[in-house]
Every structure is written in C-alpha cells, then in structure tokens.
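Trainee: Could you walk me through how to read pockets, ring pairs and contacts in a model like this one?

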Amino acid sequence: MSEGYDIAQICLNGHVINSMAYTDPNHNKAFCDECGAKTIMECGYCKAKIKGTYHYPGIAVMGIGFEAPKFCDNCGEQFPWTKTQLEVAQELIDLADSLSSEEKTDLYSNLDELVKESPKVPVAQIRVKRLLSKVDKDISSGIHDALAEIISQQIQNEIWQ
C-alpha cells in the first residue's frame, strides 16, 4: 500500500478487530470473537471509512497500539461504542438517588465534555468530581469503568484519584 491510512474494522462495542482491514483482509471478521457484536468499517451516519493504521512507504507496520476512535473524523458523530459507553454511564447516573434531576443532567453534560476533550474539560472535571462525591462508591466506580475506554487516563486520574 502507498502512504496513507488503511481501513479499520471495529465491532459495535469498540473492540478493534483489524486496523489494516484493507491490506490484510485475512484477519477481518463479520462478528467480534470477544463479544459477538457485528463489525463495521465505516461510519453509520456518513459512510466514511474508519481510518486504520497509517502506512509509511518502506516501513513495516504492525498495527500495534491502535485504538478505536471515539468520533467519525468526517462527520463528527459518535461511533456506536462511544455512544453505548455514555449511555451506560447515564443509566448509572439515573440510579443515583442522592442526586437531584438537575444534578443528573449537569453530570450527563459534563461527562460529554470530558469525552469530547473540549476546552471545557477543566470545569467539567471539577463539576464531575463534585457530583460524583455525592453518589455511592459503586455508582462512581461503575461510571469510571463505563468511560475508561473513552476518557483519557489523565482526566480519569483527575476525577477518580
């Protein structure tokens, strides 16, 4: 392949199946062998191919360390795995009897800012940390686990440690 991005194949739950689905199709699968979910190679909204490993001319590429992107770089929509992980976090927030409905809504929107890694992250981190201090430890831990793949380690450390 010439220089450029390959195509990634990722299951609907975010497990990377093949970061070089175009140049190495022998590793492609219709369904994930970890969770059984269907696999995709394009955005469900705009149909743009999901960028995989970047190929450099004359350099062997292994695809090691490739992570599923959170958003489509063509249309900006969340990929299914990002959306699902945020939905799980929202369901856990809904279980927090210690939060008012306003606080729950505030927590939803601030978690969204953390996933986007927008300029609002410093404010969102403080708000999320304060709101999570009001909920049961098991709910806070569950939210952390639900978002671990879509929020940077640095942000996680600021909130949960």
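Mentor: Happy to. This is a predicted model. Let's begin with the largest pocket: helix α1 (residues 80–94) gives the most to its lining, with three residues.

Trainee: How does one find such a space, and what is the volume of the largest pocket?

Mentor: Rolling a probe the size of a water molecule over the atoms shows where empty space is left. Here the largest pocket has a volume of about 330 Å³. It is lined by 15 residues, and N13, G14, A68, Q85 and E149 are the closest to its centre.

Trainee: How do the residues of that lining divide into nonpolar, polar and charged?

Mentor: Seven of the lining residues are nonpolar, five are polar and three are charged.

Trainee: Now the rings. How many aromatic pairs are there?

Mentor: Ring centres have to lie within 6.5 Å to count as a pair, and the angle between the planes then gives the type. By this rule there are three aromatic pairs. One of them joins Y5 and Y54 edge-to-face, at 4.8 Å centre to centre with 80° between the planes. Y5 belongs to strand β1 (residues 4–7) and Y54 to strand β5 (residues 51–55), so this pair ties together parts that are 49 residues apart in sequence.

Trainee: What type of pair do F79 and W81 form?

Mentor: F79 and W81 are stacked, with 4.9 Å centre to centre and 15° between the planes. Both residues are buried.

Trainee: Let's turn to single residues. Where is I159, and is it buried or exposed?

Mentor: I159 sits in helix α5 (residues 153–160). With 6% relative accessibility, it counts as buried. Leaving aside residues up to four places away in sequence, I159 touches L114, Q125, V128, K129 and L132. Take Q125: it is 34 residues from I159 along the chain, yet their C-alpha atoms are separated by 6.3 Å.

Trainee: And which residues does E103 touch?

Mentor: E103 is in helix α2 (residues 101–116). Beyond residues up to four places away in sequence, it touches S98, L131 and K134. For a polar contact, look at S100: its backbone nitrogen lies 2.8 Å from a polar atom of the E103 side chain.

How values were computed. Residues are numbered from 1 along each chain as its sequence is written. This is a predicted model: local features need pLDDT of at least 70, side-chain atom pairs count only at pLDDT 80 or more; totals for chains, interfaces and linings use all residues. Side-chain values use heavy atoms; hydrogens and water are left out. Helices (H or I, at least four residues) and strands (E, at least two) are DSSP runs, numbered from the N terminus. A polar contact is a pair of N or O atoms within 3.5 Å; within protein, one must be able to donate a hydrogen and the other to accept it, and residues adjacent in sequence count only if both atoms are side-chain atoms. Contact means heavy atoms within 4.5 Å. Rings of Phe, Tyr and Trp (its six-membered ring) pair if their centres lie within 6.5 Å; planes under 30 degrees apart count as stacked, over 60 as edge-to-face and the rest as tilted. Buried means under 20% relative accessible area, exposed over 50%, partly exposed in between (1.4 Å probe, protein chains only). On a 1 Å grid over the protein atoms alone, a cavity is a set of points where a 1.4 Å probe fits but cannot get out, and a pocket is an open set with protein on both sides within 12 Å along at least five of seven lines; lining residues have an atom within 4 Å of a point. Grid points are joined across faces, edges and corners, and a volume is the space filled by probe spheres set on the points. Ala, Val, Leu, Ile, Met, Phe, Trp, Tyr, Cys and Pro count as nonpolar, Asp, Glu, Lys and Arg as charged, and the others, Gly among them, as polar.
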